[in-house]
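Subject: Structure for your files

Hello,

Here is the structure I said I would send. My notes on it follow below.

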Amino acid sequence: MEQGEAALERLAEDPRYRRLVRRRGRLGLALTAIMLVAYLGFVLLVAFDKPLLARSLAGGATSLGIPIGLGVILLAIALTGIYVYRANREFDSEVAAIVAEARR
Amino acid sequence: MTGASGGPGWPALAMFGCFVLLTLAITRWAARRTRTAADFYAAGGGITGFQNGLAIAGDFMSAASFLGISAQIFADGYDGLIYSIGFLVGWPIVLFLMAERLRNLGRFTFADVASFRFAQTPVRTLAAMSTLLVVLFYLIAQMVGAGQLIRLLFGLPYPYAVAIVGVMMTLYVLFGGMLATTWVQIVKAVLLLGAASFMAAAVLWQFGSPEALFARAVQAKAAAAAAKGATPPEALAAGRAIMGPGGFIKDPVSAISLGLALMFGTAGLPHILMRFFTVPDARAARTSVLWATGWIGYFYLLTFVIGFGAIVLVGTDPRYLDAAGALRGGGNMAAVHLAHAIGGDLFLGFVSAVAFATILAVVAGLTLSGASAVSHDLYASVFRRGQADQVAELRVSRVTVVVLALVAIALGILFEKQNVAFMVSLAFAMAASANFPVLLLSLLWRGCTTRGVVAGGAVGLTLALGLTILSPAIWVTVLGHAAAIFPYGSPALFSMPAAFATIWLVSRADHSRRAAVDRAGYVAQRVRSETGIGAAGASGH
């Protein structure tokens with residue numbers, strides 16, 4: 001169903017809509033920042049302290065860089081999971097409620 | 001030479017034949033269901049989040065990343081992991097900033113979203129140009145890689161190999177549209193994940209633990225260095241070197257720049273963004289990114305094990321080495337030889353067939369993306385001002401597919417002997433410097449105007465391309481000059497902020513009548529993008 005631009009602009013003033021967008025936007029920005037810091041931190045570590053990453057983890061062949069690299073991969077998957085979990089649990093039903101209300 | 005390890009290539013050919021028959025059957029099935037423009041460009045919006053996640057992962061698990069990254073790990077160890085992490089971390093960004101809003105605003109191409117509240121002609125023209133450039137460079141890299149790989153695996157002459165790839169992808173896209181392209185990608189993703197899982201499991205089984213695998217790999221590298229005349233301490237150091245960062249990242253500026261290109265380029269690749277229009281709603285778009293991130297991350301862990309497995313099982317086995325101790329068939333063959341070491345001729349054939357299938361699936365997606373930019377953005381929206389009928393638009397799209405295939409075959413043959421390694425990272429840098437800033441600011445900044453995005457996108461695109469030409473990869477390696485004018489490995493650190501700054505400055509200075517319309521459209525666009533009201537093909541909203 002198409003809605004007029006005026007109805008959309010009224011919806012933009014709805015406090016629940018504003019709250020939803022603020023919360024979802026904040027979550028997205030926070031997770032983006034975590035990913036950016038973790039990845040660029042990893043790259044800077046590679047650029048500035050190669051010996052640290054090459055250091056043996058527990059006296060064996062496995063180096064400190066292995067769990068750190070693995071950690072960045074798992075972090076990316078985990079952050080994605082957190083966002084999807086929150087969006088599916090909270091945001092979707094709020095969006096549906098706001099849209100249904102606006103239709104009435 | 002026919003087979004990779006000198007044996008006959010028949011198992012490979014037979015299995016590749018099976019794949020071709022299967023994909024042609026899929027194409028036939030998809031062709032019956034492809035009637036409208038929405039079917040052709042977006043598979044009718046009927047792909048599920050899980051399926052789309054596999055297809056997206058398939059687009060990223062190209063032959064270049066499977067063979068290239070495992071080869072890099074085979075050669076340098078840890079460096080390959082650094083590279084693969086860069087390809088993964090863009091996905092969370094796509095989810096947090098783009099995926100749902102794209103799905104809510106767009107229909108077929110990312111230009112639908114970028115031009116939503118702006119003047120159609122200039123923004124779509126820019127988006128189509130950048131799509132074609134990104135697709136073209138990506139396509140050339142894939143075609144050249146394909147030709148070399150197929151010549152090696154199947155013993156076919158290079159031009160035939162390139163032509164076969166071109167003809168197959170044309171069939172998929174021409175008749176089966178997005179539905180066939182997606183399912184070919186899904187089938188290939190499952191085959192590739194299966195083959196890589198088997199290889200990694202076999203490697204870990206054989207060594208017992210990752211630690212044992214790493215220890216043997218360090219020994220193998222040390223022994224190889226000693227055999228080349230290194231003193232014992234030097235050999236030991238050479239062995240240990242594979243467990244830490246080496247020469248991949250030279251200076252911090254190049255490192256950050258390449259990191260930014262990979263991270264934000266993912267959020268601007270047209271053939272990837274297009275996949276978000278194949279799912280029914282924002283929720284499915286979100287789910288597809290979660291699946292894609294999981295599969296791609298898992299795949300890179302597998303390639304890491306495969307690369308280290310190859311150091312021990314391939315790098316110490318004279319069957320796979322030439323007289324000088326180098327890998328037979330070139331560096332990219334590490335994973336293919338490992339397949340032979342693990343599962344003999346039959347599994348070698350299977351992995352070769354999967355590698356071929358991978359190339360076909362990836363080039364089909366690229367071609368469809370390029371064709372939509374021409375037919376949907378340039379022809380229907382710019383040339384016919386949105387008045388084109390669907391039949392004519394689809395005809396233009398199909399003609400473009402054929403033209404693109406011919407261009408890809410010609411360029412593939414032309415670039416056979418060229419070093420094309422820079423092309424994929426150039427595609428990422430252009431996507432990060434043009435498409436990403438344009439999309440992000442048009443979605444989230446009220447003050448953004450038509451003039452702003454066109455100027456900023458053009459600056460980002462030109463700068464990314466120009467600085468790459470002046471960088472060592474082209475200026476020195478391809479053009480043969482002594483020193484590069486632009487000394488860094490990737491332009492993104494400069495071209496991406498330049499694009500953002502240009503959009504901001506030009507938009508701020510823009511007091512035209514159009515600018516007022518652009519800004520007035522923001523609130524309604526934002527509400528649509530956040531709620532999915534009025535989304536194309538949306539169900540339940």
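In α16(B), the buried residues (20 or more other C-beta atoms within 10 Å of a residue's own C-beta, placed from the backbone) are E393(B), L394(B), V396(B), S397(B), T400(B), V401(B), L404(B), A405(B), A408(B), I409(B) and G412(B). This is a predicted model, in which local features need pLDDT of at least 70 and side-chain atom pairs pLDDT 80 or more, while totals for chains, interfaces and linings use all residues. Residues are numbered from 1 along each chain as its sequence is written, and chains are lettered from A and ligands numbered from 1 in the order written.

Helix α16 of chain B covers residues 390–414; helices are DSSP runs of H or I with at least four residues, numbered from the N terminus. Its buried residues pack against α2 (37–42), α8 (120–154), α9 (158–207) and α15 (334–383) of chain B.

Leaving out residues up to four places away in sequence, V165(B) touches M143(B), A146(B), I359(B), L360(B) and V363(B).

Chain A has four helices and zero strands. Its radius of gyration, taken over C-alpha atoms, is 22 Å, well over the 13 Å that the globule rule (2.2 Å times the number of residues to the power 0.38) gives for 104 residues, so chain A is more spread out than a compact globule. The C-alpha trace of chain A spans about 70 × 25 × 20 Å along its principal axes, and 25% of its 104 residues count as buried.

Regards

Terms used:
Helix = DSSP H or I, 4+ residues; strand = E, 2+ residues; numbered from the N terminus. Buried ≥ 20, exposed ≤ 12 C-beta atoms within 10 Å, placed from the backbone. Expected span 1.5 Å × (residues − 1). Contact = placed C-beta atoms within 7 Å.
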